[in-house]
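Please keep the sequence and the three-dimensional view at hand while reading.

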Amino acid sequence: MTESVLPPPVIDSARLTAYAYADGDVEFTDRITLLVGEGERLERLGRVPCLAISVNYYVPGDVLLMFCDAQWNSKGVIAFTTVDEAKIKAERGYRGITSRWVASPYSDEQVADFLRDVYEVDPNAEWWKAMCSFCGNEAEGQCVSAARATICAACVDKFYAILHDRGAGA
Ligand SMILES: [Zn+2]
């Protein structure tokens, strides 16, 4: 048995609500189709060891089911409107996970401390607006923001290349 890592209070730009380990007798059914990757390299996400349910800071009320690696890096996300919906979907792909969910142990204060210490942002500011909604990196320098999303210069370049440079040389 490997030692399980506890999830952080915030993953990307969403606050943790509940988490579960897809180990032991949890059966991966492969019934959730989730494409991840970039451009033409999209591939179906396979089994992950850790699942999280979190609430998006960008879109309050947006409940995210996050498929994470053993270090709680999110590999793919599906959005829902309720935690129950997210749990039902998780059960569809990971049979037996319903009984594994653990509520986030973090208080508001601990979340604020984490944001200050690890993200180095002001927890009372709209810090998530400075993070790229697409790659999760800090969108420093040139970036574009709309009401619900921010995109960094690197992602703009990447998506531009995908849309306009298909088949052309490097
Ligand atoms: Zn980006």
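The points below describe strands, core, helix, single residues and domains in turn.

The structure is a predicted model, in which local features need pLDDT of at least 70 and side-chain atom pairs count only at pLDDT 80 or more, while totals for chains, interfaces and linings use all residues. Residues are numbered from 1 along each chain as its sequence is written. Helices (H or I, at least four residues) and strands (E, at least two) are DSSP runs, numbered from the N terminus.

**Strand E2 and its partners**

- Two strands are said to pair if DSSP finds at least two bridges between them.
- Strand E1 (residues 10-11) pairs with strand E2 (residues 14-21) in the antiparallel sense, over two bridges. Val10 has Arg15 of E2 as its bridge partner.
- The hairpin of E1 and E2 has two residues between the strands, and Asp12 takes a positive phi near 55° there.
- E2 also runs antiparallel to strand E6 (residues 50-56), to which seven bridges join it. Ala20 stands opposite Leu51 in E6, and Tyr21 has Cys50 as its bridge partner in E6.
- A further antiparallel pairing, of two bridges, joins E2 to strand E10 (residues 102-103). Here Tyr19 stands opposite Val102.

- A residue is buried if 20 or more other C-beta atoms lie within 10 Å of its own, exposed if 12 or fewer, and partly exposed in between; C-beta atoms are placed from the backbone.
- E6 is largely enclosed by the rest of the structure, because five of its seven residues are buried.
- Six bridges join E6 and E7 in the antiparallel sense, and Ser54 stands opposite Leu64 in E7.
- E6 and E7 form a hairpin with six residues between them, and Gly61 in the turn has a positive phi of about 95°.

**The largest nonpolar core**

- A nonpolar core is a set of buried Ala, Val, Leu, Ile, Met, Phe, Trp, Tyr and Cys residues joined through C-beta atoms within 7 Å.
- The largest such core has 24 residues, and those with the most contacts inside it are Ala22, Leu51, Ala52 and Met66.
- The elements that give two or more residues to this core are E1, E2, E6, strand E7 (63-68) and helix H1 (83-93). E7 provides the largest share, six residues.
- In soluble globular proteins, nonpolar side chains tend to be buried together.
- Two residues are in contact if their C-beta atoms, placed from the backbone, lie within 7 Å. Leaving aside neighbours within four places in sequence, Ala22 is in contact with Phe28, Val48, Pro49, Cys50, Leu51, Tyr94 and Ile97.

**Helix H1**

- Which residues of H1 are buried? They are Ala86, Lys87, Ala90 and Gly93.
- These residues cover an arc of only 125° around the axis, which puts them on the same side of H1. The arc is that of the directions from the helix axis to the C-beta atoms.
- An α-helix has 3.6 residues a turn, so residues three or four places apart point the same way.
- Asp84 and Arg92 are exposed on the other side of H1.
- The buried residues of H1 pack against E6, E7, strand E8 (74-80) and strand E9 (94-95).

**Individual residues**

- Pro7 lies in the segment before E1 and is buried, with 24 other C-beta atoms within 10 Å.
- Leaving aside neighbours within four places in sequence, Pro7 is in contact with Leu16, Tyr19, Ala52 and Trp72.
- Pro7 and Asn73 are 66 residues apart in sequence, and 9.2 Å apart in space from C-alpha to C-alpha.
- Asp30 lies in the loop between strand E3 (27-28) and strand E4 (35-36). Asp30 has a positive phi of about 65° although it is not a glycine, and counts as exposed with 12 C-beta neighbours inside 10 Å.
- Glu120 lies in the loop between helix H2 (108-119) and strand E11 (143-145). Phi of Glu120 is near 55°, and this residue is exposed, with 9 other C-beta atoms within 10 Å.

**Domains**

- The protein is divided into domain 1 (10-124) and domain 2 (131-164); such bounds come from an automatic or database domain assignment.
- The C-alpha centres of domain 1 and domain 2 lie 22 Å apart.
- Six residues of domain 1 are in contact with seven residues of domain 2.
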